[in-house]
Amino acid sequence: MKRKVTKAVFPVAGLGTRFLPATKSIPKEIMTLVDRPLIQYAIDEARAAGIKEFIFVTSRGKGALEDYFDHAPELENSLRKKGKTELLATLKSTNMDSGAIAYIRQHKALGLGHAVWCARRLIGNEPFAVILPDDVIAAEKPCLQQMVEAYNETGGCMVAAMEVPPEKASSYGVLDVKEDMGSMVSVRGMVEKPSVESAPSNLAVIGRYILTPQVLKNLNQIKQGAGGEIQLTDAIAQEIEADRDVYGYRFRGQRFDCGSKAGYLQATVAFGLARDELRDELASYLDEMKASRKAAQ
């Protein structure tokens, strides 16, 4: 009998150097799309998928991230006295129940596989999800919820996958597809950041995973791989070598790479246009800017 996926790991130990100088004092995960931090999008997606335990793998300088999920009594009282009930409800939605969230330190930047391995004692012998907050996915049904529903049918390990231009495959882990079943593919192999010539497909792994506890045992044995890091894809590839099921899931939705400046700006515009109270004014500004640029040319 398959166990439910109720735990999720959030690797948030990165320094966010691509967003300096902002990230000198602000954790990248606290940076906002419109008015919600990147990490809030990840938490809301996890909650929608039935996650009950949230494990953050952090590093020095992430105190603001921990504070974000704590209660703010003075602010709550101020909003309550002023009758700002909608803002109060919004604020309370960011609070995490005591015991639902845990923080683990990753003392050395040794890659995603190492970050997940750091959480092994809290994961125990259960299937678990991994969510990378840099990957923000706009979807009618949240991406991880789609994956959990598919996992309940298949078991095994599952990674979110999307088609990318062949010339960009070297920036991702790429799937070697054994059988294509539409939204699901059975995986024959995984290659981390292959060259354009050696990429087995253009089906790239993005930041959502559902993994078995065996992957943690695999991580115990893995040495540093591509980029001098302990790669999570190498541990998943061992499951394939052991003839255990690994699937790629083509999620329904639009993914934004908020680990890059361009992707972050694109997401800001997209999420702004999706808000009823912002759409008209923002769309009007974009139209004016487009017309101004055209006239200048």
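Visitor: Which residues is Pro213 in contact with, leaving aside its neighbours within four places in sequence?
Guide: This is a predicted model, so treat everything here as computed. Pro213 is in contact with Gly124, Asn125, Glu126, Pro127 and Phe128.

Visitor: Where does Pro213 lie?
Guide: In the loop between β11 and α8.

Visitor: Buried or exposed, that Pro213?
Guide: Pro213 has a relative accessible area of 17%. The cut-off for buried is under 20%, so Pro213 counts as buried.

Visitor: How far is Pro213 from Cys157, C-alpha to C-alpha?
Guide: The separation is 9.7 Å. Along the chain, Pro213 and Cys157 are 56 residues apart.

Visitor: On to helix packing. At what angle do α8 and α9 pack?
Guide: About 115°, with the axes 9 Å apart. Helix α8 covers residues 214-221 and helix α9 covers residues 232-241.

Visitor: Left-handed or right-handed crossing?
Guide: α8 passes α9 in a right-handed crossing.

Visitor: Which residues make the contact?
Guide: From α8, Gln214, Val215, Asn218, Leu219 and Gln221. From α9, Leu232, Ala235, Gln238 and Glu239.

Visitor: How many of the contact residues are nonpolar, polar and charged?
Guide: Four are nonpolar, four are polar and one is charged.

Visitor: Salt bridges next. How many?
Guide: The count is 16.

Visitor: Which residue does Asp135 meet in a salt bridge?
Guide: Arg255, at 2.8 Å from N to O. Asp135 is in strand β7 (residues 135-138) and Arg255 is in strand β13 (residues 254-257), so the bridge ties together parts 120 residues apart in sequence.

Visitor: Are those two buried or exposed?
Guide: Both are buried: Arg255 has a relative accessible area of 17%, and Asp135 has 7%.

Visitor: What else is Asp135 in contact with?
Guide: Beyond its neighbours within four places, the contacts of Asp135 include Ile206, Gly207, Arg208, Phe256 and Asp257.

Visitor: Arg208 again. Which residue does Arg208 meet in a salt bridge?
Guide: Glu45, at 2.8 Å from N to O. That pair links distant parts of the chain, with Glu45 in helix α1 and Arg208 in strand β11 (residues 203-211), 163 residues apart. Glu45 is buried at 6% relative accessibility, and Arg208 is buried at 2%.

Visitor: What does Asp44 form a salt bridge with?
Guide: Arg47, with the closest N and O atoms 3.8 Å apart. Asp44 and Arg47 both lie in helix α1 (residues 38-48), three residues apart, about one turn of the helix.

Visitor: How do Asp44 and Arg47 count for accessibility?
Guide: Asp44 is partly exposed at 27%. Arg47 is partly exposed at 32%.

Visitor: Which residues are linked in a network of salt bridges?
Guide: One such network links Arg3, Lys7 and Glu126. Glu126 is also one of the contacts of Pro213.

Visitor: What does Ile39 touch?
Guide: Not counting residues up to four places away in sequence, Ile39 touches Phe10, Val12, Glu29, Ile30, Phe56, Leu65, Tyr68, Phe69 and Pro133.

Visitor: How do Val34 and Asp243 count for accessible area?
Guide: Val34 is partly exposed, at 30% relative accessible area. Asp243 is exposed, at 68%.

Conventions:
Residues are numbered from 1 along each chain as its sequence is written. This is a predicted model: local features need pLDDT of at least 70, side-chain atom pairs count only at pLDDT 80 or more; totals for chains, interfaces and linings use all residues. Side-chain values use heavy atoms; hydrogens and water are left out. A salt bridge is a side-chain nitrogen of Lys or Arg within 4 Å of a carboxyl oxygen of Asp or Glu. Helices (H or I, at least four residues) and strands (E, at least two) are DSSP runs, numbered from the N terminus. Buried means under 20% relative accessible area, exposed over 50%, partly exposed in between (1.4 Å probe, protein chains only). Axes are lines fitted to C-alpha atoms, for helices over the stretch in contact, and angles run from 0 to 180 degrees between N-to-C directions. A crossing is left-handed if the near helix is turned anticlockwise from the far one by less than a right angle, and right-handed if clockwise. Contact means heavy atoms within 4.5 Å. Ala, Val, Leu, Ile, Met, Phe, Trp, Tyr, Cys and Pro count as nonpolar, Asp, Glu, Lys and Arg as charged, and the others, Gly among them, as polar.
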